[in-house]
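This report describes a metal site, its surroundings and the aromatic pairing in one protein model. The sequence and structure follow.

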Amino acid sequence: MKLYAITMLTGLVAGITGCGKDPRLEKGEAVFVANCKVCHAQGINGAPIVGNIKMWGPRLEQGHEVLVSHAITGYGLMPARAGRLDLSDENISNAVLYMMSTVENQ
Ligand code: HEC
């Protein structure tokens, strides 16, 4: 809980100062909000919830590249490209990066 508060605070400070924020994360967050949040905020169909290290732990170990390829081709109940076939590989890659950033360093 304490760690979580620190993470929130660091995020807030970085947001205010605009310092060192990876532009891919900002783009990824926008893609996430528009296309992924609907399932990944609450865990619809068992989707790993953003910010939940328990749900992401074993998935993170696969690395960004593999996670992106699963999001592109579809994986279990995860629809290919979240059912949005117009989303580019780059959009998916940025969104996955954003999702990973919500649980990394916890
Ligand atoms: C319709 C609901 C839904 C939407 C929308 C959705 N996902 Fe998922 N996602 C899932 C489910 C369910 C799983 C778990 C699949 C499993 O493990 O069987 C999942 C798993 C994943 C995983 C983990 C794959 C792995 O190898 O463990 C990634 C990465 C992912 N989604 C990325 C995304 C991205 C990026 C978007 C938006 C562009 C998105 N998802 C939108 C339902 C969704």
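## Iron site and aromatic pairing

His40 has a relative accessible area of 8% and is therefore buried, where buried means under 20%, exposed over 50% and partly exposed in between (1.4 Å probe, protein chains only). The model is predicted: local features need pLDDT of at least 70, side-chain atom pairs count only at pLDDT 80 or more, and totals for chains, interfaces and linings use all residues. Residues are numbered from 1 along each chain as its sequence is written, and side-chain values use heavy atoms, with hydrogens and water left out.

His40 (NE2) and Met78 (SD) are the protein donors of the iron atom of the ligand, from which they lie 2.0 Å. Because His40 belongs to helix α3 (residues 37-40) and Met78 to the loop between α5 (64-73) and α6 (89-101), the pair ties together parts that are 38 residues apart in sequence. Donors are N, O and S atoms within 2.8 Å of the metal (3.2 Å for Na, K and Ca); water is not among the atoms, so sites may look incomplete. Helices (H or I, at least four residues) and strands (E, at least two) are DSSP runs, numbered from the N terminus.

The arrangement around the iron atom of the ligand is octahedral because its six donor atoms subtend angles of 88 to 179°. Six donors count as octahedral if opposite donors are over 155 degrees apart and all others between 65 and 115. Met78, at 24% relative accessibility, counts as partly exposed.

Cys36, Cys39, His40, His70 and Met78 come nearest of the 25 residues around the ligand, a residue being near if one of its heavy atoms lies within 4 Å. Cys36 is buried at 13% relative accessibility, whereas Cys39 is partly exposed at 27%. The count of disulfides (pairs of cysteine sulfur atoms within 2.5 Å) is zero.

| Residue | Distance to a ligand oxygen atom |
|---|---|
| Arg59 | 2.7 Å |
| Gln62 | 2.9 Å |
| His70 | 2.5 Å |

The whole structure holds one aromatic pair. The ring centres of Phe32 and Tyr98 are 5.3 Å apart and their planes lie at 45°, so the pair is tilted. Rings of Phe, Tyr and Trp (its six-membered ring) pair if their centres lie within 6.5 Å; planes under 30 degrees apart count as stacked, over 60 as edge-to-face and the rest as tilted. Phe32 is buried at 4% relative accessibility, and Tyr98 is buried at 16%.

Note on methods. Tetrahedral: all angles 85-135°; square planar, octahedral: opposite > 155°, others 65-115°. Polar contact = N/O pair within 3.5 Å; in protein donor to acceptor, adjacent residues only side chain to side chain.
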